[in-house]
Amino acid sequence: MKIPIRIRILGSMLSAFTAVLYGCASTAPANLEALTLRSKVYTAAPVTLTRGEFRAPAAAGSASAVTVKLSDKRAFGTLDGKQAGAVIVTTSLGGTGTFYELALLGQADKDWVNTDSVLLGDRVNLHSVAIEKGQIVVAMTTHGPKDPMCCPTVEATKRWSVRNDRLVAVAGATPGQPSLTGTTWQWVQTLYNDDKRTAPARPENYTVQFEEGGGINVRADCNMKGGTYAVDGKRLSIELKISTIAACEPGSLKGPFVRDLTAGAIHFFRDGDLYIDLKYDSGTMRFRAQR
């Protein structure tokens with residue numbers, strides 16, 4: 001039986017209206033499982049998925065493997081005035097950890113391209129990802145200060161807007177005032193009290209994310225670390241409990257970076273940057289918001 005043209009047109013208009021209303025005007029194309037990703041976890045080589053998965057040896061001669069997988073948690077809609085997608089990607093580096101990332105997708109020549117990513121945590125529970133009112137919204141269970149890595153208990157909803165194809169965390173801080181949470185902090189330098197200075201050649205390889213529930217995610221060059229932090233006014237204490245054990249290239253500053261970070265005692269902000277004073281007035285670390 002033929003459907004009258006008027007009814008078909010009405011049905012098409014209703015579908016389009018529903019798609020716009022719920023922020024899902026576009027759908028994932030067939031090549032979504034062949035994405036090349038800008039991973040914040042595995043940086044040794046480009047991550048190009050084959051049927052939604054990427055595999056590589058964890059190290060030369062190692063029997064364990066790095067595995068990057070595209071999850072089924074995805075959302076598509078309009079962000080920053082353009083069609084965009086948000087997908088969750090998981091990465092195992094061959095150890096016990098499973099790292100979750102939010103990957104932002106944009107369209108180029110009718111294909112999806114990963115323009116930015118942000119680390120969500122290690123062994124967290126991801127419930128949903130959605131695009132609502134021009135923001136990406138992720139519902140998850142993350143770690144509290146006393147939670148073991150196996151068992152997060154803190155329910156959290158995180159939001160990002162998009163600006164110039166980059167994810168911008170929507171934090172609960174007062175506008176214009178920085179906050180520990182909601183930002184990926186990139187190490188600029190450590191200036192010690194004897195005037196010695198340590199600064200990474202690639203600051204993007206040394207980052208810190210403070211979670212609202214008291215968890216902390218750290219990238220120390222080629223390794224990922226996780227743990228907890230506590231804040232009391234300006235006082236700050238950091239404890240790193242887990243780590244991957246990849247062998248970084250010669251000249252890596254992962255040792256000094258982790259040593260200084262866990263020696264932090266006081267934090268404060270100046271001109272939008274985060275400063276962490278080390279114990280015994282031995283020096284100050286400086287961080288800048290990653291863009």
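Trp-187, Tyr-206, Phe-257 and Phe-287 form one aromatic cluster, where rings of Phe, Tyr and Trp (its six-membered ring) pair if their centres lie within 6.5 Å, and planes under 30 degrees apart count as stacked, over 60 as edge-to-face and the rest as tilted. This is a predicted model, in which local features need pLDDT of at least 70 and side-chain atom pairs count only at pLDDT 80 or more, while totals for chains, interfaces and linings use all residues. Residues are numbered from 1 along each chain as its sequence is written, and side-chain values use heavy atoms, with hydrogens and water left out.

The structure holds 9 aromatic pairs. One of them brings together Tyr-206 and Phe-257, whose ring centres are 5.4 Å apart and whose planes stand at 75°, so the pair is edge-to-face. This pair links distant parts of the chain, since Tyr-206 belongs to strand 14 (residues 206-210) and Phe-257 to helix 2, 51 residues apart. Helices (H or I, at least four residues) and strands (E, at least two) are DSSP runs, numbered from the N terminus. Both partners are covered: Tyr-206 is buried at a relative accessible area of 4%, and Phe-257 is buried at 0%, where buried means under 20% relative accessible area, exposed over 50%, and partly exposed in between (1.4 Å probe, protein chains only).

Another aromatic pair, Phe-210 with Tyr-229, is also edge-to-face, with 5.0 Å from centre to centre and 80° between the planes. It too links distant parts of the chain, with Phe-210 in strand 14 and Tyr-229 in strand 16, 19 residues apart. Phe-210 counts as buried at 3% relative accessibility, and Tyr-229 is buried with a relative accessible area of 11%. A ring also takes part in a contact with a charge, for the charged end of Arg-270 sits over the ring of Tyr-275, 5.4 Å from its centre; the criterion is that NZ of Lys or CZ of Arg is within 6 Å of the ring centre and within 35 degrees of the ring normal.

Stepping back to the whole chain, the protein contains 2 helices and 20 strands, and 44% of its 291 residues count as buried. Among contacts (heavy atoms within 4.5 Å) between residues at least 6 apart in sequence, 47% join residues at least 24 apart. The accessible surface comes to about 15600 Å², of which 52% belongs to carbon and sulfur atoms, as computed by the Shrake-Rupley method with a 1.4 Å probe, where for residues only the protein chains shown count as cover.

The structure holds 2 disulfides, each a pair of cysteine sulfur atoms within 2.5 Å, and with the bonded cysteines numbered in sequence order the pairing is 1-2, 3-4. Cys-222 is joined to Cys-248 with an S to S distance of 1.9 Å, and the link is left-handed, with -95° about the S-S bond. Cys-222 lies in the loop between strand 15 (215-220) and strand 16 (223-232), and Cys-248 in the loop between strand 17 (235-243) and helix 2 (254-261), so the pair ties together parts that are 26 residues apart in sequence. Cys-222 is partly exposed at 22% relative accessible area, whereas Cys-248 is buried at 17%. The other disulfide joins Cys-150 and Cys-151, with their sulfur atoms 2.4 Å apart, and this link is left-handed with -85° about the S-S bond. Cys-150 counts as exposed at 53% relative accessibility, while Cys-151 counts as partly exposed at 35%.

Charged side chains complete the picture. Side chains of opposite charge can pair when their charged atoms come close. A search of the whole structure finds 10 salt bridges, each defined by a side-chain nitrogen of Lys or Arg within 4 Å of a carboxyl oxygen of Asp or Glu. Among them, Arg-286 and Asp-273 meet at 2.8 Å, N to O, and link distant parts of the chain, with Arg-286 in strand 20 (residues 283-289) and Asp-273 in strand 19 (residues 273-278), 13 residues apart. Arg-286 is partly exposed at 23% relative accessible area, whereas Asp-273 counts as buried at 6%. Asp-273, Arg-286 and Arg-288 are linked in a network of salt bridges. Arg-259 and Asp-260 also form a salt bridge, at 3.1 Å from N to O; here Arg-259 counts as partly exposed at 48% relative accessibility, and Asp-260 counts as buried at 3%.
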